[in-house]
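I opened this entry to look up how the ligand is held.

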Amino acid sequence: MQQQTPIEEQIDLPFVESLRISFQSLKIRFGRSIITTAGITLGIAFLVSVWTNNEIELALQESGRSSAITNLDEAAEQGISTKDIWLIIMSLIVCVVGIANSMLMAVTERFREIGTMKCLGALDGFVVRLFLLESGFQGFAGALIGALIGLLGAVILGLKNYGLDLFFYFPLLPAQHENGAFQLGVLLLILFGCILGMILAIIGSSFPAWRAAKLPPAEAMRTEV
Amino acid sequence: MPDIVVKTEDVVKEYRMGSNVLRALDGINIEIERGEYISLMGPSGSGKSTLFNMIGALDRPTEGEVYIDGQNMSHLSQRQIAAFRCHRVGYIFQSYNLLNVRTAHGNVTLPMIFAGIPDKERNEKAEKLLDMVGLGDRMYHLPDELSGGQRQRVAIARALANDPSIVLADEPTANLDTITGREIIDLIKQLNLKQGVTVISATHDLKMLDVSDRIVDIRDGLVERIRNRDEIEIEVGEVGGHE
Ligand SMILES: Nc1ncnc2c1ncn2[C@@H]1O[C@H](COP(=O)(O)OP(=O)(O)OP(=O)(O)O)[C@@H](O)[C@H]1O
Ligand SMILES: [Mg+2]
């Protein structure tokens with residue numbers, strides 16, 4: 001062979017460029033983005049409503065205004081019943097599985113797009129970053145909306161059970177009760193829900209995106225969904 | 001001495017499916033000169049797309065070596081392979097493979113974004129390329145809003161974005177009607193003639209015959225024969241005579 005033109009190294013894209021591409025992609029796929037985001041919203045709404053409801057019951061028990069339904073002995077002793085613990089764990093599982101599933105679906109649909117971008121010169125890292133940005137944004141927006149919906153649901157239920165007393169004893173902030181029971185408070189729960197939703201969305205999307213990005217483009221592009 | 005752009009040495013590709021091994025390429029040796037228009041022909045399943053993927057660094061051979069511009073592709077780093085795909089090759093696929101989230105213009109600019117070309121420059125170039133393929137009035141449409149032939153034109157414009165020295169086309173006309181297919185072939189041939197781009201195209205399409213400099217017939221993962229243009233013309237003449 002006559003010619004030995006050395007092949008250069010591919011450059012990294014500036015961050016703003018990645019940001020621009022990811023927002024554009026979210027915007028154009030708006031309908032689909034909404035559906036994926038709705039998966040996150042539902043998961044977090046369920047989680048936050050169960051947890052908030054639990055916080056409300058605890059707070060009103062402590063204030064001595066617990067609803068008659070609760071087994072008072074048990075509540076006074078443990079602060080939180082096994083049934084509630086079970087519900088909390090269940091809501092967490094539903095939330096994790098639901099979000100992971102909706103993100104995985106959304107990435108699998110886009111294997112061909114990933115392969116195509118690699119044909120055009122995308123580095124694996126760029127592909128992962130793109131999905132990280134998109135899913136981080138979706139995760140945060142979806143989780144925030146979900147947390148607010150969940151809060152609203154729990155407040156409505158609380159109003160039904162306790163009437164306006166709810167607002168006097170509303171467990172917004174962390175609190176240490178006299179008998180030693182500790183409450184996280186609804187504000188921290190919402191914050192936790194948002195962060196959890198975002199992290200789950202990011203993991204649920206970046207991990208499959210990373211696996212797709214590592215595939216040779218020919219294989220990624222073969223995938224038909 | 002001829003200037004060889006692509007050279008394959010005993011390229012073998014095996015696909016493993018469970019305990020089955022399918023030998024899609026069984027030792028391919030070809031040399032392609034700069035500026036040639038090569039058609040890879042052969043029945044379905046003969047290994048054309050597999051070879052296409054090996055030459056375009058879209059997959060790795062199980063055995064053997066591929067040299068592009070004298071570079072052994074298996075010695076390149078990830079970053080070099082990405083740069084190679086970005087700068088040296090333009091890909092055209094049967095199913096267009098446009099990004100549905102980007103307009104025609106956005107599809108053409110993407111390889112230039114990856115190449116680090118500034119905003120203004122790449123926008124102008126995308127406009128120029130889309131004009132050249134006859135889509136000056138459809139630049140800001142999404143792929144979903146374009147016909148098959150128009151989408152393939154976008155793909156061609158995109159393939160040319162970073163002035164590649166090789167255009168690889170895998171059955172670019174298979175999803176198009178005869179007339180549109182003809183137009184696409186003419187467009188690719190023009191690039192080949194005017195810009196000296198080396199074209200390697202896998203195809204079933206007999207319309208490709210008379211624009212090809214050489215035809216590589218692939219059968220069961222092997223090169224069955226290589227025909228030159230003058231031999232082809234006789235055969236095309238014969239085919240024509242029967243009609
Ligand atoms: N990813 C894969 N996994 C398993 N087998 C594969 C894979 N890709 C191709 N093959 C097999 O390799 C052989 C060659 O396939 P290839 O796609 O190269 O054929 P082709 O000549 O392009 O056919 P066509 O004209 O239909 O496009 C076929 O038998 C095919 O089934
Ligand atoms: Mg094929």
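I count a polar contact as a pair of N or O atoms within 3.5 Å. The model is predicted, and I read every contact below with that in mind.

**Entry: contacts.** I started with Lys48(B). One of its polar side-chain atoms lies 2.8 Å from an oxygen atom of ligand 1. That pair falls within 3.5 Å, so I log it as a polar contact. Next I checked Ser49(B). A polar side-chain atom there is 2.7 Å from an oxygen atom of ligand 1. For Gly45(B) I found a backbone contact: a polar backbone atom lies 2.8 Å from an oxygen atom of the ligand.

**Entry: burial.** How much of ligand 1 does the protein bury? Taken alone, the ligand exposes 630 Å², and the protein buries 73% of that.

**Entry: site.** I looked up where ligand 1 sits and found it in the largest pocket. The ligand lies between chains A and B.

**Entry: shell.** I find 15 residues around ligand 1. Ser44(B), Gly45(B), Lys48(B), Ser49(B) and Thr50(B) are the closest. By class, I log five nonpolar, seven polar and three charged residues. Which elements of chain B each supply at least two residues of the shell? They are β1 (4–17), β2 (20–33) and α1 (48–55). Helix α1(B) gives the most, with three residues.

**Entry: confidence.** I then turned to the scores. Chain B has a mean pLDDT of 91, and 95% of its residues reach 70 or more. Among the elements of chain B, helix α3 (residues 104–114) has the highest mean pLDDT, 96. Helix α7 (residues 229–242) of chain B has the lowest, 60. For the complex, I noted an ipTM of 0.90 and a pTM of 0.85 from the predictor.

Definitions and conventions: Residues are numbered from 1 along each chain as its sequence is written. Chains are lettered from A and ligands numbered from 1 in the order in which they are written. This is a predicted model: local features need pLDDT of at least 70, side-chain atom pairs count only at pLDDT 80 or more; totals for chains, interfaces and linings use all residues. Side-chain values use heavy atoms; hydrogens and water are left out. A residue is near a molecule or strand if one of its heavy atoms lies within 4 Å of it. A polar contact is a pair of N or O atoms within 3.5 Å; within protein, one must be able to donate a hydrogen and the other to accept it, and residues adjacent in sequence count only if both atoms are side-chain atoms. Accessible areas come from the Shrake-Rupley method with a 1.4 Å probe; for residues, only the protein chains shown count as cover. On a 1 Å grid over the protein atoms alone, a cavity is a set of points where a 1.4 Å probe fits but cannot get out, and a pocket is an open set with protein on both sides within 12 Å along at least five of seven lines; lining residues have an atom within 4 Å of a point. A molecule sits in a cavity or pocket if more than half of its atoms lie within 2 Å of its grid points. Helices (H or I, at least four residues) and strands (E, at least two) are DSSP runs, numbered from the N terminus. Ala, Val, Leu, Ile, Met, Phe, Trp, Tyr, Cys and Pro count as nonpolar, Asp, Glu, Lys and Arg as charged, and the others, Gly among them, as polar. pLDDT is the predictor's confidence in each residue, from 0 to 100.
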